[in-house]
Amino acid sequence: KMQNIIITGASHGIGRALAKKLSKKYHIINIDIVENKMDKVDFYKCDLSDKSKLLKTIEKIKTNIDSLYALINNAALFSSKSLEKQTLEEWENIISINLTAPYILSKEFASMLKQSKGHIINISSTRASMSEAGTEAYSSSKGGISSLTHALAITLSPDVKVNSISPGWINTNEEYLPTKVDNEQHPSGRVGIPDDIVDTVKFLLKNKGFITGSDFVIDGGMTKKMIYV
């Protein structure tokens, strides 16, 4: 019998790559607002910014599964606009999807994860520790998820391993081919691909329990590169 893994936002981007690769070994449950059909992946439609809808979706999932091995909080909304054009509604929407939903899911599935001695993997971002202009809500949500990770790691110890991954530039757009400059600015010599994150998730799912409360920066070395222009 395959172990169950919940991935939020698995219809596109990194989440979809995770669902496709992990479905070979695990039973995947995708919680997303839009469906993008995949073999062997169960879909639950949910607006993660809506607390009551999320709680209803969680109840529905709980009636369909009797165990849970991992929760991967991946869904996130990005926004970039000048400070004066940002609205409080946009701020609240981004915080609710990127930070509050992972908190609610972790809380509601904690007992199932404790029983399976399972994992929570939060997809954070290098933007938790560095920024471009106009990304206040997104950066704040990712700073929050990195802190939520170590808080949950302590609260749910020793049963559940809780870690985060902070991707840098991962090219999820198949239409876009990174330029020579895009690639060469990375110490790794290339822009990231979704499989770089998939590999890290697989590694964490196999971890024997000594890795918890940690953040894994997968960014081709960019956050360690000193830049003077």
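These legends describe close-up views of one predicted model. Local features need pLDDT of at least 70, side-chain atom pairs count only at pLDDT 80 or more, and totals for chains, interfaces and linings use all residues. Residues are numbered from 1 along each chain as its sequence is written, and side-chain values use heavy atoms, with hydrogens and water left out.

**View A. The open sheet has 7 strands.** The order is S3-S2-S1-S4-S5-S6-S7, with parallel pairing. S3 and strand S7 (215-218) stand at the edges with a single partner strand each, so one side of each lacks a neighbour in the sheet. From one strand to the next, the twist averages 20°. Strands (E, at least two residues) and helices (H or I, at least four) are DSSP runs, numbered from the N terminus. Two strands pair if DSSP finds at least two bridges between them.

**View B. S2 runs parallel to S3.** The two strands are joined by 5 bridges. Ile 28 stands opposite Val 41 in S3. Helix H2 (residues 51-64) packs on the sheet and touches S1, S2 and S3. The direction of H2 makes about 150° with that of S3. Axes are lines fitted to C-alpha atoms, for helices over the stretch in contact; angles run from 0 to 180 degrees between N-to-C directions.

**View C. Ile 33 sits in the loop between strand S2 (27-32) and strand S3 (41-45).** Ile 33 is partly exposed, with a relative accessible area of 42%. Buried means under 20% relative accessible area, exposed over 50%, and partly exposed in between (1.4 Å probe, protein chains only). Neighbours within four places in sequence aside, Ile 33 is in contact with Lys 45, Cys 46 and Asp 47. Contact means heavy atoms within 4.5 Å. Ala 128 lies 95 residues from Ile 33 in sequence and 24 Å away in space, C-alpha to C-alpha.

**View D. Helix H1 (residues 13-22) is largely enclosed by the rest of the structure.** The reason is burial: 7 of its 10 residues are buried. These are Ile 14, Gly 15, Arg 16, Ala 17, Leu 18, Ala 19 and Leu 22. Their cover includes strand S1 (4-8), S2, S3 and strand S4 (70-73). It also includes strand S6 (161-167) and helix H6 (194-205).

**View E. S4 is covered on both faces.** In a regular strand the side chains alternate between the two faces of the sheet. On one side of S4, Ala 70 and Ile 72 are buried; on the other, Leu 71 and Asn 73 are buried. S1 pairs with S4 in the parallel sense over 3 bridges. Here Ile 5 has Ala 70 as its bridge partner. S4 and strand S5 (residues 119-123) also run parallel, joined by 4 bridges. Leu 71 has Ile 120 of S5 as its bridge partner, and Asn 73 has Asn 122.

**View F. S5 is largely enclosed by the rest of the structure, as 5 of its 5 residues are buried.** His 119, Ile 121 and Ile 123 cover one side, and Ile 120 and Asn 122 the other. S5 pairs with S6 in the parallel sense over 5 bridges. Ile 123 stands opposite Ile 165 in S6. From S5 the chain crosses through helix H4 (residues 136-155) to S6, in a right-handed β-α-β crossover. Right-handed means that, with the strands pointing away from the viewer, the path from the first strand over the helix to the second runs clockwise. S4, helix H3 (residues 88-116) and S5 also make a right-handed β-α-β unit.
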